[in-house]
Amino acid sequence: MAKTSRPFTAGAAQNAISIVTLTTTTAGVRRLGWSGFTRLVLGAQVNFGDLIDPKGKTVRVLCSNLVEMTIVKLGPIPCP
């Protein structure tokens, strides 16, 4: 019996994760439902919609589409 693969669905991108590739000791992340920011660490997995506060420094995120984005001001993850 042949194996079948699951078809690609547009909804799959909603669950995509991104990985922090550059951060500082002061940068923070806030996720929907959290009451405040927590420290952002190198290698952390972040999701679409997470709010990043780089605290005036540079934070870089490797998006699920393998494009590295630079974040320099408070805002949501810029990954698609």
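The legends below go with close-up views of one predicted model.

Residues are numbered from 1 along each chain as its sequence is written.

**View 1. The protein chain has eight strands and zero helices.**
Read along the sequence, the pattern is β-β-β-β-β-β-β-β. Helices (H or I, at least four residues) and strands (E, at least two) are DSSP runs, numbered from the N terminus. The chain has 80 residues, and 25% of them count as buried. Buried means under 20% relative accessible area, exposed means over 50%, and partly exposed lies in between (1.4 Å probe, protein chains only). Take the contacts between residues at least 6 apart in sequence: 42% of these join residues at least 24 apart. A contact means heavy atoms within 4.5 Å.

**View 2. Asp 50 and Arg 31 form a salt bridge.**
The whole structure holds two salt bridges. In a salt bridge, a side-chain nitrogen of Lys or Arg lies within 4 Å of a carboxyl oxygen of Asp or Glu. Here the N to O distance is 2.8 Å. Asp 50 sits in the loop between strand S4 (45-47) and strand S5 (51-53), and Arg 31 in the loop between strand S2 (28-30) and strand S3 (38-39), so the pair ties together parts that are 19 residues apart in sequence. Asp 50 is buried, at 2% relative accessible area. Arg 31 is partly exposed, at 25%.

**View 3. Gly 49 lies in the loop between S4 and S5.**
Gly 49 is partly exposed, with a relative accessible area of 45%. Gly 49 and Arg 31 are 18 residues apart in sequence. In space, their C-alpha atoms are 7.3 Å apart.

**View 4. Asp 53 and Lys 55 form a salt bridge.**
The N to O distance is 3.8 Å. Asp 53 is buried, with a relative accessible area of 16%. Lys 55 is found in the loop between S5 and strand S6 (59-62). Lys 55 is not a glycine, yet its phi is positive, at about 55°.

**View 5. Leu 66 has a positive phi although it is not a glycine.**
The phi value is about 65°. Leu 66 is in the loop between S6 and strand S7 (68-71). Leu 66 is exposed, with a relative accessible area of 67%.

**View 6. The largest nonpolar core has 13 residues.**
A nonpolar core is a set of buried Ala, Val, Leu, Ile, Met, Phe, Trp, Tyr and Cys residues joined through side-chain atoms within 4.5 Å. Which residues touch the most other members? They are Leu 40, Val 46, Ile 52, Val 59, Val 61 and Ile 77. Now follow the contacts of Ile 52, not counting residues up to four places away in sequence. Ile 52 touches Gly 28, Val 29, Leu 40, Val 46 and Val 59, among others. Further contacts of Ile 52 include Ile 71, Lys 73, Leu 74, Gly 75 and Ile 77.

**View 7. The structure holds one cavity of 30 Å³ or more.**
Rolling a probe the size of a water molecule over the atoms shows where empty space is left. On a 1 Å grid over the protein atoms alone, a cavity is a set of points where a 1.4 Å probe fits but cannot get out; lining residues have an atom within 4 Å of a point. Grid points are joined across faces, edges and corners, and a volume is the space filled by probe spheres set on the points. The largest cavity holds about 40 Å³ of space. Its lining has 11 residues, and Ala 16, Ser 18, Phe 48, Cys 79 and Pro 80 lie nearest the centre. Strand S1 (17-22) and S4 each supply at least two residues of the lining. Eight of the lining residues are nonpolar, three are polar and none is charged. Ala, Val, Leu, Ile, Met, Phe, Trp, Tyr, Cys and Pro count as nonpolar, Asp, Glu, Lys and Arg as charged, and the others, Gly among them, as polar.

**View 8. Leu 22 is in strand S1.**
Leu 22 is partly exposed, at 33% relative accessibility. Leaving aside neighbours within four places in sequence, Leu 22 is in contact with Leu 42, Thr 58, Val 59 and Arg 60. Leu 22 and Arg 60 are 38 residues apart in sequence and 4.8 Å apart in space, C-alpha to C-alpha.

How values were computed: Predicted model: local features only at pLDDT ≥ 70, side-chain atom pairs only at ≥ 80, totals over all residues. Heavy atoms only, no water. 1 Å grid on protein atoms, 1.4 Å probe; cavity = no way out; pocket = protein on both sides within 12 Å on 5 of 7 lines; lining within 4 Å.
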